[in-house]
Amino acid sequence: MNISYNWLKQYIDIDLPAEEVGKILTSIGLEVEGIETFETIKGGLKGFVIGEVKTCRRHENADKLSVTTVDVGGDELLPIVCGAPNVAAGQKVVVATVGTTLYSGDESFQIKKAKIRGEVSEGMICAEDEMGIGTSHEGILVLDPLAKVGTPANEYFNISSDEILVIGLTPNRIDAASHYGVARELAAYLAQQGSVTLKKPLIDDFKIDNNNRITDIVVENQKACPRYAGLTITNVTIKPSPEWLQTRLKSIGLNPINNVVDITNFILHELGQPLHAFDADQIKGGRVVVKTLPEGTKFRTLDNVERSLSASDLMICNTEEGMCIGGVFGGIESGVSDETHNIFIESAYFNPVYIRKTSKRHMLNTDASFRFERGTDPNMPIFALKRAAMLIKEVAGGTISSPIIDIYPNPVKEFPVEITYDYIDKLIGKVIDRKIIKNILVNLDITIDEETNEGLKLSVSPYRVDVQRPADVVEEILRIYGYNNVEFSEKVNGTLSYVEKPDKEKVVNTVSDWLSSNGFNEMMANSLTKSGYYDGLETYKPENLVYMLNPLSQDLNVMRQTLLFGGLEAVLHNVNHRNPDVKLYEFGNTYKKEAQNKDQVLPGYTEELHLALFISGAKFAQSWTSKEQPSTFYFLKAYSENILRRVGVNPDKCEITEFSNDIYAEALEYKVGGKTIGTVGVVNKKLLNKFDVKTSVYYADFNWNRVLTLMRSNKVTFEELPRFPEVRRDLSMVLNKEVKFEEIRNVAFKAERKLLKRLNLFDVYEGDKIEQGKKSYAVSFVLQDTEKTLTDQQIDKIMNNIAQSIEKQLGVQIRA
């Protein structure tokens, strides 16, 4: 949100530097993210001065150039070569001196001392477009003869500059979503330092001129529209806004449209109350009806887009059709145009829930919906209506031709809050003088209804939507009093608490540290994702998606079932930004809709913590000591199994099976007790194409909840380090493609239960060098006896037994 400092000072008497104001606002909860400079003309005409052409003669070497001498108030006349046909001696002109920067759109150039066809030129006599104050380039701008030589051009043309406070407004602080709202907060803080006056715009001179054009108002849906007010102004003249109004709007990034529409935008940013101006002659039947329309009703909005309405969209209608999506966006037929002569001004308080749902449903985010969906001040519509009517009469003429019609059957009540001084002291950690507390509350527009020795009974204005509990009141007191004014205590309090083992956060941090130390980067993707990613998938079925009721957009309309898609987006982003070698990991929750699941906190839904690893590109950065090597499945497999070992889960004791599906082209699945704890594999190319990822991506997924459960049953034991060495033997074998590595592993351990410690698949080959339907495996077997050194004879006997078992039971051909 942009706040003009010049505009802000219309409501509060301060002369502090903008930087100091920014620090104050940040300290009281309105974070100023930056301060920008605004100038009505780009560059502010710095370096431009008023000059007088003393002499003018034709250039000897150029027919269209003139050589002049110009007095700009300095000690010497400036020689300037000018190409304008209308330059003449005696003229008062605008001169861009040497060093001045001229702007043309996004481009700029600097005036330098130069020689033009042999004549020295120390500046430039300017036309309107070269200065940025107009579009004419027919000749130089000739000023009034009374213009004073040497006057800076920004003073002569009254060029103003402003400082814009860029505030990162949090959703709960909609009370400060206007210049007056920010001034009110600033005044509450400065009042603690001394006397300061908050100046609310005056509406005392508001009066109704006649009752010749009364527009009837009917509110059919009072739940969606608790308050609706309006009045009619006739005989207005639609034209461009005056300079002061255009400057105000431009300073905060708005483009002026016409005088009436600009006033409604001005009021919105001045008071925080959105208004809407209708062409009164387009209100058929002379009646405004606030209601909802049937599901699927077509309505064309101001952006000329035809939209299909929901039955819960609040509409502002006439007796025949809709005119405006209430609180969100106007209709193309009923808006103010150059042909408008009579207007109806709407000022309302809408139910935030209705506006928020409509805004998200149609993906229409406007300044009005931003405020209505967070909760505007229900007591502001009439004040804003009077203020707007007076300003419209000032800039567009016309007469107020109806009384203010205000439909407000059930006024919104103030929030009652009771609070004790002991509670305030305890929550703040400091005893603040009671007088200071009361002054802060009064300055925050919080009414003290009753005071006792124990505490206060308060009434909080309904525009402070986030102040409804005692804790909220304490926060208001503290942010104005100043967090930095609460001293640190030398006393340290501690509590003992039981932490369930294993400590999830500690385990996550341990694994994260290990991965980061091995070159992985942690990523954090959005828990919300695009439902279209799941179309046609069997592994993650679309019917198991958890849909958002009010999605921010169609790209963020479901909760993720897997961490995979966020990771692929991150891989693509890195590759597109010339960082092809990617090693990423993420701990995050996944969400699934399962009707049969009744054991969760929310029956029918499952939330699980997962760990995902992503590798793409080269293993390591290329250097003079090593060649670049592409990442492989086994590279990721090694990291994955080391993670399991790190948390006390032995991968060699897992049930490991090969598989492929619509997620993985090839993968291994790790199970313990029949439950999958992780998968490691190569992402399916069809899925990669869907994300436009051209490189191979290796992906591992761990169900971290199940891993933590296994850790609870894991008992750490200590044993003496083996004194006798391990022995490794490798076997190369040819087998049918249908045979899984897990089958080889199971047969091997049955053949040798005591001395076989582990085995590892370290090479796989499928190609034209072996017969069709076959594949080649290279498997290592590690043997060890903890009591003695194994002899070659023992080793050969064990390996022969293992080889024969594998050949006999699985039909494998052993090569070596």
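Predicted model: local features only at pLDDT ≥ 70, side-chain atom pairs only at ≥ 80, totals over all residues.
Let's start with sulfur. A disulfide is a covalent bond between the sulfur atoms of two cysteines. Searching the whole structure turns up zero of them. Take Cys 126: its closest cysteine sulfur belongs to Cys 82 and sits 9.2 Å away, so that's too far for a bond.

Salt bridges are another matter: the count comes to 41. Arg 173 pairs with Glu 185, the closest N and O atoms being 2.9 Å apart. Glu 185 is in helix H5, twelve residues from Arg 173, and both residues are buried. The side chain of Arg 173 also makes a polar contact with that of Asp 175, at 2.9 Å. Among the other residues Arg 173 touches are Ile 28, Leu 30 and Asp 466.

Now for a pair that reaches further along the chain. Asp 406 and Arg 227 form a salt bridge at 2.7 Å. Asp 406 is in strand E24 and Arg 227 in strand E14, so the bridge ties together parts 179 residues apart in sequence. Arg 227 is buried at 8%, while Asp 406 is partly exposed at 31%.

Finally, Glu 726 and Arg 758 meet in a salt bridge at 3.1 Å. Here both partners are partly exposed, Glu 726 at 42% and Arg 758 at 32%.

Definitions and conventions:
Residues numbered from 1 in each chain as written. Heavy atoms only, no water. Disulfide = S-S within 2.5 Å. Polar contact = N/O pair within 3.5 Å; in protein donor to acceptor, adjacent residues only side chain to side chain. Contact = heavy atoms within 4.5 Å. Salt bridge = Lys/Arg side-chain N within 4 Å of Asp/Glu carboxyl O. Helix = DSSP H or I, 4+ residues; strand = E, 2+ residues; numbered from the N terminus. Buried < 20%, exposed > 50% of the residue type's maximum accessible area, 1.4 Å probe, protein only. Lists of a residue's contacts leave out its neighbours within four places in sequence.
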